[in-house]
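Could you walk me through this model, helix by helix and residue by residue?

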Amino acid sequence: MKYGRETLAVCQRILIELLRRRRSLIFWCIFPFSVLFLSGFILAERAKLSIAQAFEFAAPSTLVGAALFFSCLGGSVATVVSEREQQTLKRLFISPLSGTSYFLGIFLAHSCIGIGQALLVYTIAAFWNARFQGSLLLGSLIILLSIISYVGVGFILGTQFARRTEDVNALVAAFGVPLLILGGAFLPTSLFPQTLLDIAKYNPIYHMNVALVGVSANGYSLDKIAPHFWFLCVFAVFMVAGGWLSYRRMLSVERRL
């Protein structure tokens, strides 16, 4: 109960701060809307699909390949860096709040934002009569695994490589943009040469994208997306463990400063 209350308190504080600033939340709404809008109409025109079909294919790629990447990965990096700059970590050492609750609270806050973006993307797609064709449970699991993976990677990058706010954009651009393109977030992987396809199989965003497009747009079952789904499960576990260890190391370093 103690950890649960503390986790919820940290999550609530971060979400309230975001609501007060508003700008980040507004931009995290505008970004998926604009990407979905552009992708949907480009797909409809170039692939000769109906508007509804085009938005059914564009929605999952927009969500896991673009929206969640910037809110959950970029947002986690920014939160860790700002908490360090505002000396929140120093205050943590003299407060009864445990490091575990603090880690889980940040994790939960960005999961809430990711779930909100998922609802936003599919609500907008529904206005063009797009439908979620497969299992809602399986699709939700893929989205949850994607959020966990992104937040875990964000903790690793934020604790190990970012020292100042200016570092956040450089980190996201250096690591993220090539992975987004290679994951098929902006270009269909069907356009990739075989060499890039072979490399993309080591990119988690590629597996998120292919798995969610398969379930959401094509109505695939778990059997048809099994390699991508299990890759995501293993990757998410490793990223949570890596994020936790990186967080503990950062606390240890901050204590010595």
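Here is a tour of some helices, aromatic rings and single residues.

This is a predicted model, in which local features need pLDDT of at least 70 and side-chain atom pairs count only at pLDDT 80 or more, while totals for chains, interfaces and linings use all residues. Residues are numbered from 1 along each chain as its sequence is written, and side-chain values use heavy atoms, with hydrogens and water left out.

**Helices H1 and H2**

Helices (H or I, at least four residues) are DSSP runs numbered from the N terminus. Let us begin with helix H1, residues 2-21, and helix H2, residues 23-46, which pack with their axes 5 Å apart at an angle of about 85 degrees. That angle makes H1 roughly perpendicular to H2, a label that covers 65 to 115 degrees. The axes here are lines fitted to C-alpha atoms over the stretch in contact, and angles run from 0 to 180 degrees between N-to-C directions.

Which residues meet at this packing site? From H1 come Leu18, Leu19 and Arg21, and from H2 come Arg23, Ser24, Leu25 and Trp28; contact means heavy atoms within 4.5 Å. The residues of this contact divide into four nonpolar, one polar and two charged. In this scheme Ala, Val, Leu, Ile, Met, Phe, Trp, Tyr, Cys and Pro count as nonpolar, Asp, Glu, Lys and Arg as charged, and the others, Gly among them, as polar.

Trp28, Pro32, Val35, Leu36, Gly40 and Ala44 are buried in H2, where buried means under 20% relative accessible area, exposed over 50% and partly exposed in between (1.4 Å probe, protein chains only). Just after H2, Lys48 takes a positive phi of about 55 degrees.

**Aromatic rings**

How many aromatic pairs does a search of the whole structure find? The search finds twelve, counting rings of Phe, Tyr and Trp (its six-membered ring) whose centres lie within 6.5 Å; planes under 30 degrees apart count as stacked, over 60 as edge-to-face and the rest as tilted. Phe41 and Phe55 are edge-to-face because their ring planes are at 85 degrees, with the centres 5.5 Å apart. Phe41 belongs to helix H2 and Phe55 to helix H3 (residues 51-85), so the pair ties together parts that are 14 residues apart in sequence. Phe41 is partly exposed at 33% relative accessibility, whereas Phe55 is buried at 0%. Another edge-to-face pair is formed by Phe229 and Trp230, with 5.0 Å from centre to centre and 80 degrees between the planes. Phe229 is buried, at 7% relative accessibility. Phe33, Phe37, Phe41, Phe55 and Trp128 form one aromatic cluster.

H9 is largely enclosed by the rest of the structure, because twelve of its 13 residues are buried. Among them are Pro204, Tyr206, His207, Asn209 and Ser216.

Ser216 is found in H9, which covers residues 204-216, and its relative accessibility is 0%. Leaving aside neighbours within four places in sequence, Ser216 is in contact with Glu56, Pro60, Tyr122, Arg131, Phe132, Gln133 and Gly134.

Ser76 lies in helix H3 and is likewise buried, with a relative accessible area of 0%. With neighbours within four places again set aside, Ser76 touches Ser71, His110, Val151, Gly154 and Phe155.

**Residues with some exposure**

| Residue | Relative accessibility | Class |
|---|---|---|
| Gln12 | 49% | partly exposed |
| Asn129 | 52% | exposed |
| Lys224 | 57% | exposed |

Gln12 sits in helix H1, and its C-alpha atom is separated by 15 Å from that of Ile115, 103 residues apart along the chain. Lys224 is in helix H10 (residues 222-256); the C-alpha atoms of Lys224 and Gly214, ten residues apart along the chain, are separated by 8.1 Å.

Asn129 is placed in the loop between helix H5 (99-127) and helix H6 (136-160). Most residues other than glycine have a negative phi. Asn129 has a positive phi of about 65 degrees although it is not a glycine.

Notes. Helix = DSSP H or I, 4+ residues; strand = E, 2+ residues; numbered from the N terminus. Parallel < 35°, antiparallel > 145°, perpendicular 65-115°, else oblique.
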